[in-house]
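Please open the structure in your viewer and keep the selection tool at hand, as this tour moves from one stop to the next.

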Amino acid sequence: MAFYSAGVEYGIHSLVCMVDSKGNGVEMSVREIAELQGVPYDYLAKIFTKLSRAGLVTSSEGKGGGFTLARLPEQISVLDIVGAIDGDKSIFDCKEIRQRMAVFDEAPPAWACEGICGIRAVMNTAQQRMEEALSQHTILDLARRVYRKAPDEFVVEVQDWIRDKRRQ
């Protein structure tokens, strides 16, 4: 079972697509991004509504309109995207099981309830470290990884594909 929704993956990939090989933001429509990546347009449109509300992208009106990054690619972290799409998610939902032991009858003793549960403390630390890691990676970092890995022809193919789509 995935912790984050597929929308988070779609959102991250979409914003990475909106960064060119020089690290600049590129305007694209949701339809272009959906077709380029082979993802459902309707679902991606909902994701872009969330990204827009979070101030990560801005829309432009008109026939050739689309979306642009609202900030520089190096200023948009993976954690920003996760928060925009899935909101605040905790990896652990403590049910205070420590207070429900059968041997406690109706009322658990004070020692069993005092302080934060050790299991919850470990899970809170894991949550904090995960969020720190996600905040350290930006859209620019991810785009650079793609461009380093891809052959030079890839950049040209994507640019040609977008240009051809816009002519249609």
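Predicted model: local features only at pLDDT ≥ 70, side-chain atom pairs only at ≥ 80, totals over all residues.

Residues are numbered from 1 along each chain as its sequence is written, and side-chain values use heavy atoms, with hydrogens and water left out.

Begin by colouring the chain by pLDDT, the predictor's confidence in each residue, from 0 to 100; the mean is 91, and 97% of the residues reach 70 or more. Confidence is highest in helix H4 (residues 78–86), at a mean of 97, and lowest in H8, at 85. Helices here are DSSP runs (H or I, at least four residues), numbered from the N terminus.

Next, select helix H1 (residues 6–17) and helix H2 (residues 30–37), whose axes come within 10 Å and cross at roughly 105°. That makes H1 roughly perpendicular to H2, a label for angles of 65 to 115 degrees. Axes are lines fitted to C-alpha atoms over the stretch in contact, with angles running from 0 to 180 degrees between N-to-C directions. Show the side chains of Tyr-10, His-13, Ser-14 and Cys-17 in H1, which meet Ile-33, Leu-36 and Gln-37 in H2, where contact means heavy atoms within 4.5 Å.

Finally, which residues are the closest to the centre of the largest pocket? Among the 22 residues that line the largest pocket, they are Val-16, Cys-17, Val-19, Tyr-147 and Phe-154. A pocket is an open set of points on a 1 Å grid over the protein atoms alone, where a 1.4 Å probe fits, with protein on both sides within 12 Å along at least five of seven lines, and lining residues have an atom within 4 Å of a point.

Methods: Helix = DSSP H or I, 4+ residues; strand = E, 2+ residues; numbered from the N terminus. Parallel < 35°, antiparallel > 145°, perpendicular 65-115°, else oblique.
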